[in-house]
Amino acid sequence: MSHPEQHRGRWRPRLDRPALAALLFGLAGVVYRLVLTLFTVPVSNSDEATFGLAALHIGQGRERPVFLYGQHYMGMLESYLAAPLVAVAGPSWPVLRLPMLALYAVFLYLIHRLTRRLCTPWFAAFVVGLLALGPERVVRDQLTVVGGRPEVKPAVLLMLLITVGLAAGTVHRRRLAVGLFGLLVGLAVWSDWLILPYLAVAGLALVWAVRRELLGWSGLLLVAGVVVGVAPMIIDNLRAGPGDDSLSVFRQVSTKVGPQPPWSDRIRGGLLEGVPLAHGLCPVDGCGRWQQWFGVLYPVLLLAAAGLAVLAYRRAAGAPRAERVGRGAGGLRGARVGPVVQLALVVGAALTLLSYVRSPLAATSPLDNARYLSVLQLSLPAVLWPLWVAALTAWRGTSSVLGRFTGALSAAVLAALTVTTLVITVLFAATGTAASRTEERQARELAAALRADGPHEVYGDYWTCNRLIFNTDESVVCGVLDGNLSPGQNRYRPYWRQVGRAERPGYVVEIDSPMDRRLRRLLADRADAAPVREVGGYRVYHPDTPVRPWR
């Protein structure tokens, strides 16, 4: 916390030791991610390029997309944040990712403020230190522009801080604060539906804190804020055809036809792989058995955190009246809001985890889908708080023999969590970035070659096309084909139509890929004459006559 200090007639803030430690941890985390951003680590892909192309179109005034091209459920807030920078500096991955870096810094600041309000200053610094670390799985969710998570996490934290301030009586413009809460809810719903469990518990906490005020103007402003924030989605859904509304499309994407994996496999994939990966305890290629311990412990910590919050709530209710009055404007409600918010974070984590393990993807593809649990970072202060309390109580010597043993065990868990995250982060920074940098260099070589010498209308696979278009600032346009050389997932249809009108389109394929072998068979005796060159692991074909077997 900063304290005012009078120095030669000027007011200057002075940080106490925990706040200074948190600041240093936070700066280290931001600088570390800035370096990764400048080197385009983690590697870019065509999903991120789609957001980048949308940002380019927004900056040029060509498009005003509500949802990601080719979808009807993922909002484009990240593209709108990046659009001014892309419009000024041109398309590049560091420029595209700079708003994500800023959102990460805001996330650290807000989670420090909230944790300090709910718990203790040194514990808040510890949480910031943990969140400053980050192997590939963690920083990928924080830095890449793939929709939703980087912006909704700060939004939830700000909502909870508003709730704490309203209950404690430290917010003066209360109606405007409630309206801002609603606006954040609306923007979060538009941006990413994965945050719905946290929005639900944050809304319940707000109702608990100011339920009487919500019957008047505050309630109207809350509803108005939600409507304004979610307005783009509402308007788009009103214009959508049957089956193209967000709910229908999301239901189709979330539903998998065929036999469902057993609950045991889904719980195992969610807890033993998803939870450790989301908290930075494992490399991106999976968790070893020694790294899965946190997933086993996680439900126990949730129960302990819930019990501790309920106990704190009851203690606040049983405090002497004089003590309650002495707490200031918030009184009893101000004393109880901390446990209420902690309990909201616990329930939000539990609902998110339950929603994740209900999906068959938790069992069939836990490594690829662990990103959906990155929002669990919001609950890290509540989850680790019981361990901190037990360790601190034992260190002070105010507990029984059993309490001292529990405290020593809790301290060991916190130390293991910190050391494991630090080791995985160091290994990633030291040895895990080379592959990303090599792939980015090859993608740039391909883009430079085609931009300079053509062909400028090409076909390729999904993971090649939009990244190629973004890297060339749309001077090369690419249509997506699948492995059988049939039309693939073309998110932005004008690109497909432009390549379709080309008299002599090229073909960009990875060397010796199924698409490469299929194309060579179709070209037959022309195969040796058709390739223009091999660039960056790709083979570029430019036949005299187009090869369009789907026609």
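**Links and rings**

Guide: The link of C465 and C478 is left-handed, with -45° about the S-S bond. First, a word on the source: this is a predicted model, where local features need pLDDT of at least 70, side-chain atom pairs count only at pLDDT 80 or more, and totals for chains, interfaces and linings use all residues. Residues are numbered from 1 along each chain as its sequence is written, and side-chain values use heavy atoms, with hydrogens and water left out.

Visitor: Which parts does the pair of C465 and C478 tie together?

Guide: Helices (H or I, at least four residues) and strands (E, at least two) are DSSP runs, numbered from the N terminus. C465 lies in helix 21 (residues 462-471) and C478 in strand 4 (residues 477-480), so the pair ties together parts 13 residues apart in sequence.

Visitor: How many disulfides does the structure hold?

Guide: A disulfide is a pair of cysteine sulfur atoms within 2.5 Å. The structure holds two. In one, the sulfur atoms of C465 and C478 are 2.0 Å apart. The other joins C282 to C287, S to S 2.0 Å. The link of C282 and C287 is right-handed, with 105° about the S-S bond. Count the bonded cysteines along the chain, and the pattern is 1-2, 3-4.

Visitor: Are C282 and C287 buried or exposed?

Guide: Buried means under 20% relative accessible area, exposed over 50%, and partly exposed in between (1.4 Å probe, protein chains only). Both C282 and C287 are buried. C465 is buried too, at 0% relative accessibility. C478 is buried at 1%.

Visitor: Now the rings. How many aromatic pairs are there?

Guide: Rings of Phe, Tyr and Trp (its six-membered ring) pair if their centres lie within 6.5 Å; planes under 30 degrees apart count as stacked, over 60 as edge-to-face and the rest as tilted. The count comes to 16 aromatic pairs. Take W496 and W550: their ring centres are 5.4 Å apart and their planes at 40°, so the pair is tilted. This pair links distant parts of the chain, 54 residues apart: W496 in helix 22 (residues 493-501) and W550 in the segment after strand 7 (538-541). W496 is buried at 12% relative accessibility, while W550 is partly exposed at 26%.

Visitor: Which residues form one aromatic cluster?

Guide: F123, F126, W385 and W388 form one.

Visitor: What lies over the face of W263?

Guide: A charge sits over a ring if NZ of Lys or CZ of Arg is within 6 Å of the ring centre and within 35 degrees of the ring normal. R266 lies over the face of W263, 4.4 Å from the ring centre. The charged end of K153 sits over the ring of F107, at 5.0 Å from its centre.
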